[in-house]
Amino acid sequence: MNQTSQLITALKRSLKTKGMSYRQLAEQLQLSEASVKRIFAQQNFTLSRLEQICRVLDTNLYELAKSSTLAKNSLPRQLSMPQEQALADDPTLLTYLYLLLNGWQFEDINSQYQLDELKGIRLLATLDRLKLIELQPHNKVRLLVARDIQWRLNGPVRRRYEQQIKMMFIDNSFTAPEHWLRLETAELSSASISILQRRLNQLSEQFAELAELDMTTGPADKKGVGLLVALRPWVFDMVLAPPAKR
């Protein structure tokens with residue numbers, strides 16, 4: 001992570017600590033919420049803008065620089081095998097963790113998914129026992145794992161759900177305004193493939209950044225979004241496929 005990214009991560013952590021949403025920050029800066037999100041996502045901060053945000057957060061550039069060395073997400077992105085296995089064995093538990101990682105609160109989850117309070121508490125207790133969260137008073141939680149968990153390539157979660165999720169995701173017409181699907185094919189050099197891989201990785205990181213920006217946005221003002229990024233050597237040979245033998 002470069003120094004700019006570390007500063008931005010420190011800013012986001014400060015916002016989250018103070019319980020300030022990006023909408024509230026936008027109001028303080030007299031900007032639109034979309035503008036604030038774009039500034040954070042593109043990391044396009046002028047020095048004066050950075051100082052202005054620091055004033056809103058009651059901090060300064062010196063304190064921000066000090067905290068930026070810790071701003072790199074130190075939470076583990078990969079779970080232990082027992083943790084993964086427990087989530088793979090219980091789809092409800094996996095869903096509950098997913099929602100917590102995306103900023104949902106205990107009451108919102110139970111209301112949206114019609115879970116009684118006791119059931120929700122049991123799920124929280126299980127996640128706490130697995131050391132995926134720290135259960136705090138009044139059913140508040142502190143996350144003990146990174147939001148963007150990297151599931152093991154041949155681990156229990158991917159073995160159980162990956163194929164099903166891929167099929168469910170792609171089985172759609174992709175015609176709605178918020179949908180987007182394109183398939184491009186070409187012959188590329190190794191250098192060009194490397195460039196594409198870097199840019200796709202940047203896109204994936206930006207997706208995670210935007211999700212982080214929206215952590216404090218209430219569930220009613222956001223929706224689940226899936227981003228499938230794929231690149232592999234492939235030849236479109238259906239047209240030129242050899243004729244079937246008679």
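Q: Is Lys12 buried or exposed in this predicted model?
A: In this predicted model, Lys12 belongs to helix 1, which spans residues 3-17. A residue is called buried when its relative accessible area is under 20%, and the value for Lys12 is 7%. Lys12 therefore counts as buried.

Q: Which residues is Lys12 in contact with, leaving aside its neighbours within four places in sequence?
A: Lys12 is part of helix 1, and a contact here means that heavy atoms come within 4.5 Å. Once the neighbours within four places in sequence are left aside, the residues in contact with Lys12 are Tyr22, Phe40, Glu209, Glu212 and Leu213.

Q: How many helices and strands are there in the protein chain, and what pattern do they follow along the sequence?
A: The protein chain contains 11 helices and 2 strands, and the C-alpha atoms fill a box of roughly 80 × 50 × 35 Å along the principal axes. Read along the sequence, these elements give the pattern α-α-α-α-α-α-α-α-α-β-β-α-α.

Q: What share of the residues in the protein chain is buried?
A: The term buried applies under 20% relative accessible area, and the protein chain to which it is applied here has 246 residues. Of these residues, the buried ones make up 28%.

Q: Which residues of helix 3 are buried, and which residue follows the helix?
A: Helix 3 covers residues 33-42, and its buried residues are Ser35, Val36, Ile39, Phe40 and Ala41. After the helix comes a residue with a positive phi, near 55°, and this residue is Gln43.

Q: Why is helix 2 described as roughly perpendicular to helix 3?
A: The axes of helix 2, residues 22-29, and helix 3 come within 8 Å and cross at roughly 105°. Angles from 65 to 115 degrees count as roughly perpendicular, so the two helices are placed in that class: roughly perpendicular.

Q: Which residues make the contact between helix 2 and helix 3, and how many of them are nonpolar?
A: The axes of the two helices come within 8 Å. On the side of helix 2 the contact is made by Tyr22, Arg23, Leu25, Ala26 and Leu29, while helix 3 brings Glu33, Val36 and Phe40. By class, this contact has no polar residues and 2 charged ones, and the number of nonpolar residues is 6.

Q: What is the orientation of helix 3 and helix 11 to each other, and what is the handedness of their crossing?
A: Helix 3 packs against helix 11, residues 190-213, at an angle of about 140°, and the axes are 10 Å apart. Angles over 145 degrees would count as roughly antiparallel, whereas this pair of helices is oblique. The crossing of helix 3 and helix 11 is right-handed.

Q: Where do helix 3 and helix 11 meet, and how many charged residues does the contact have?
A: From helix 3, the residues Lys37, Phe40 and Ala41 meet Gln206, Leu210 and Leu213 of helix 11. Sorted by class, the contact has 4 nonpolar residues and 1 polar residue, and the number of charged residues is 1.

Q: Which residues does Ile193 touch, not counting residues up to four places away in sequence?
A: Ile193 is found in helix 11 and is partly exposed, with a relative accessible area of 32%. The C-alpha atoms of Ile193 and Pro233 are separated by 9.5 Å, although the two residues are 40 residues apart along the chain. Not counting residues up to four places away in sequence, Ile193 touches Leu188 and Leu231.

Q: At what angle do helix 7 and helix 9 pack, and which class does the angle give?
A: Helix 7, residues 91-101, and helix 9, residues 117-129, have axes 10 Å apart and pack at an angle of about 80°. The range from 65 to 115 degrees counts as roughly perpendicular, and the two helices are therefore roughly perpendicular.

Terms used. Residues numbered from 1 in each chain as written. Predicted model: local features only at pLDDT ≥ 70, side-chain atom pairs only at ≥ 80, totals over all residues. Heavy atoms only, no water. Buried < 20%, exposed > 50% of the residue type's maximum accessible area, 1.4 Å probe, protein only. Helix = DSSP H or I, 4+ residues; strand = E, 2+ residues; numbered from the N terminus. Axes fitted to C-alpha atoms, helices over the stretch in contact; angles between N-to-C directions. Parallel < 35°, antiparallel > 145°, perpendicular 65-115°, else oblique. Nonpolar A, V, L, I, M, F, W, Y, C, P; charged D, E, K, R; others polar. Left-handed = near helix turned anticlockwise from the far one by under 90°.
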